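Please look over the structure shown here. The notes after it are a short briefing on its folds and contacts.

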Amino acid sequence: MAGKKRKKRAGATTRGLATPGKSGKRAARPPGKGTAAAPTTAAGKAPAPPAPEADGRELLDMSQAIAMLKTTRPTFYRWLRAGKLKGMKVGRQWRFYREDIERFLRGQGPRIDLAADIGPLLRDLREPIAPYGPTFPAGAGGDEAMEAARLMIHLGAAMGASDVHVAAQSDGVHVRLRLDGVLHAAATYDARLHPAVVAAWKAMAACDIHETELPQDGRILIELPGISDTVDLRVSFLPAYGGEAVTARILRRDEIHLSFDRFDLAPPDLEKLLRHIESPNGVVLLTGPTGSGKTTTLYTCLGHLNRPEVKLVSIEDPVELAMDGVVQVAVRQHPSRTFPAACRAALRSDPDVIMVGEIRDAESANLCVQMALTGHLVLTTLHTSDAAGALVRLVEIGVVPFVVADATRLVVAQRLVRRLCAACSKPGTPDAGHLEEAQRLARTGGLAWDSLAKRWHEPVGCTACKSTGYRGRSLIAEMLEVTPEVGAALRRGAGAAELRTLAVGQGMTTMAAHGILRAAAGETSLAEVVRAAASL
Ligand SMILES: [Zn+2]
C-alpha cells in the first residue's frame, strides 16, 4: 500500500492524466514511474489532478524550479513578480511548467495561455505597418500577446503617433493612436485577450504584472526594424471599468536632439528667441494650452544651451524627457521634495540656467522671478492663451507688476496647426468669410496682407493622410519682448490688449498672423488657421 501511495504522488506531480495514445511518450519516462499513473487513473479512484496538469506538460515545485535556474529564492520571487516567470498556485503550493523554466533559461518570456484567438488582432496590427517596412519579428518564442503589444508600439511609432491608447469598452478592447492631436481607431480585440495583452505591456515596462488594482507607471525602450532609432515610451496602467487601460506616450529618441530648424520660425523670431535664452539672466516664459507643444520648445531651448560650460538644472513634475548634461530634479516624487525645497537645492548647486517645468501658483511664480533677479536664466512655462496674457497672468497670480517687468525678458506663445498632406492637397480659393477674418487677423497681428504670396491650398484626403487631408503639424508662435515700453505699460497696470497692441507696434507678429503666413505659403489651410485663431 505504502509503495502504491508513493507512486501515485510521484505520478500526480510530474505528469497529467494518462490519455489513450500517449503510451509512447510515457514509455520514455524513468522506469517504475512511467507505469504508475496508468493503473491509478484507469481505476478511476485517484483524485482528479488539478486542471493545469491536464495537458500533459510536466510540472515542477518551487525548489525544483529554483534548482533548475540555479538562483536564490528572493531573486526567484522577483522574477515571478516581474512576470519573467509564470507560476500557478495549486492549493497552497506554487507549481511551474518545466517548459516555462526552460523558456526562461533560453531568454524567453513565459507562455501565456490566451482565452481567445489573437490571430485577428495580430493581422489587424501587421497590415497597416506593412507599408512602413518590415514588421517586428514574431514575439520571443511565439509569445503572441507580447507580439501584439510590440506591434501596437510599432504601428504607433511608424505612423508618427504621439500616444497609443488601449482601453476596454462594451464591444471589446480598442487600440487607438493619437495622430496630430486626434485619436484614430487602429484595432479592436476580444476582451478575453486583454489580461494577457496588459501583462505583456507590463512585462515590457518593468511593472508588476500581478498588480491589477493600483495605477502603475513604467518605461519601455524598444528598437524597431525600419525605424532605426530607439523608441522611448512612458507607459501608464490605470485600473478601469472593464479592464486596465494602457496609455503609452511615444518619445522618439532622435527627437530628443531637438533643433530649432524643425520649428521653422520666422528668422526675426528665431533670432529674438536665441538672443534671450542666451542672455545671462531673466525669465523666458513659454505659454500655451496643453498640447500646444510648449514642452518640446522648452526642451529644445534647454538642448540648445546644453554645453559642458553651462550648468543646467531643471525642476520638473514629473521629468518629461531625460536629458544628458542636465541635473533634473523631480518634485513631488518625495513628500519633502517640495517646489521651494527643490529651488533652494537647485540654487545651491550654482546653476547658470534653471528650467522650471511649470508655474502653477504664486509661490512658484515668485521663486522663478527671484531666481531670475539673482543672476540666473530661468526657462519656464505658464498655462495662458497668448503672450500678453501671460504677463497679466503673472500679476494676477501675485507677482508685483514691476517685478514682472524687471525679471521677464521674453514671452513665447505657441500653438500647433495641422499641416496639409503633401500627397493630396490642391490649390484653392478659401471661402470669403475666412479671407475676411484672415485680413482682420493680419492687420491686428503685424502682417502686411498685400505683400503675402497667397498660395492658398485646400485639404483633399488620401490613404497617406487617412482621408483627413492633413499630415503632421507646424508651430505658430508669437514672441513678446519685454522692452522698456512694455515694462512701463505693465508697471502702470496695462491690460493684455494694450500690451499686445504695443508689442505689435514694436514689431511682434502674432500667432494668428504667423498662421496666415503659413497658409499663404500653402503649408496649411486658411480654414485651419482661422479655427486655431478662434481658440486664441
Ligand atoms: Zn493626403
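This is a predicted model: local features need pLDDT of at least 70, side-chain atom pairs count only at pLDDT 80 or more; totals for chains, interfaces and linings use all residues.

Residues are numbered from 1 along each chain as its sequence is written. The chain has 20 helices and 18 strands; helices (H or I, at least four residues) and strands (E, at least two) are DSSP runs, numbered from the N terminus.

**Overall**

- Of the 536 residues of the chain, 39% count as buried. A residue is buried if 20 or more other C-beta atoms lie within 10 Å of its own, exposed if 12 or fewer, and partly exposed in between, with C-beta atoms placed from the backbone.
- Among contacts in the chain with a separation of 6 or more, 67% come from residues 24 or more positions apart. Two residues are in contact if their C-beta atoms, placed from the backbone, lie within 7 Å.

**Three-stranded sheet**

- An open sheet of three strands has the order β1-β3-β2, and its pairing is antiparallel. Two strands pair if DSSP finds at least two bridges between them.
- β1 (59–61) and β2 (88–90) stand at the edges with a single partner strand each, so one side of each has no neighbour in the sheet.
- Neighbouring strands of this sheet are turned by 45 degrees against each other on average, direction ignored. Axes are lines fitted to C-alpha atoms, for helices over the stretch in contact, and angles run from 0 to 180 degrees between N-to-C directions.
- β1 and strand β3 (residues 93–97) run antiparallel and are joined by three bridges. Leu-60 stands opposite Phe-96 in β3, and the bridge partner of Asp-61 in β3 is Arg-95.
- β2 and β3 also pair in the antiparallel sense, over three bridges, and Lys-89 has Trp-94 in β3 as its bridge partner.
- The hairpin of β2 and β3 has two residues between the strands, and Gly-91 in this hairpin takes a positive phi near 65 degrees.
- Two helices lie across β1 and β3: helix α4 (residues 62–69) runs at about 95 degrees to β1, and helix α6 (residues 98–105) runs at about 65 degrees to β3.

**Seven-stranded sheet**

- An open sheet of seven strands has the order β12-β11-β13-β14-β10-β15-β18, with mixed pairing.
- Its edge strands, β12 (326–330) and β18 (470–481), each pair on one side only.
- From one strand to the next, the twist averages 20 degrees.
- Strand β11 (residues 312–316) and strand β13 (residues 353–356) run parallel and are joined by four bridges. The bridge partner of Val-313 in β13 is Ile-354.
- Helix α12 (residues 339–348) lies across β11, β12 and β13 and runs at about 175 degrees to β11.

**Helix pair α8 and α9**

- The axes of helix α8 (residues 144–158) and helix α9 (residues 194–204) come within 8 Å and cross at roughly 70 degrees.
- α8 and α9 are therefore roughly perpendicular to each other. Angles under 35 degrees count as roughly parallel, over 145 as roughly antiparallel, 65 to 115 as roughly perpendicular and the rest as oblique.
- α8 passes α9 in a right-handed crossing. A crossing is left-handed if the near helix is turned anticlockwise from the far one by less than a right angle, and right-handed if clockwise.
- On the α8 side, Ala-145, Met-146, Ala-148 and Ala-149 meet Ala-196, Val-197, Ala-199, Ala-200, Trp-201 and Met-204 in α9.
- The residues of this contact divide into ten nonpolar, no polar and no charged. Ala, Val, Leu, Ile, Met, Phe, Trp, Tyr, Cys and Pro count as nonpolar, Asp, Glu, Lys and Arg as charged, and the others, Gly among them, as polar.

**Buried positions**

- Val-404 is found in helix α15 (residues 401–407) and is buried, with 24 other C-beta atoms within 10 Å.
- Leaving aside its neighbours within four places in sequence, Val-404 is in contact with Val-369, Leu-391, Leu-394, Val-395, Val-399 and Leu-490.
- Val-404 and Val-482 are 78 residues apart in sequence, and their C-alpha atoms are 9.4 Å apart in space.
- In helix α20 (residues 526–534), Leu-526, Glu-528, Val-529, Val-530 and Ala-533 are buried. The cover over the buried residues of α20 includes β15 (408–420), α16 (432–444) and α19 (511–520).
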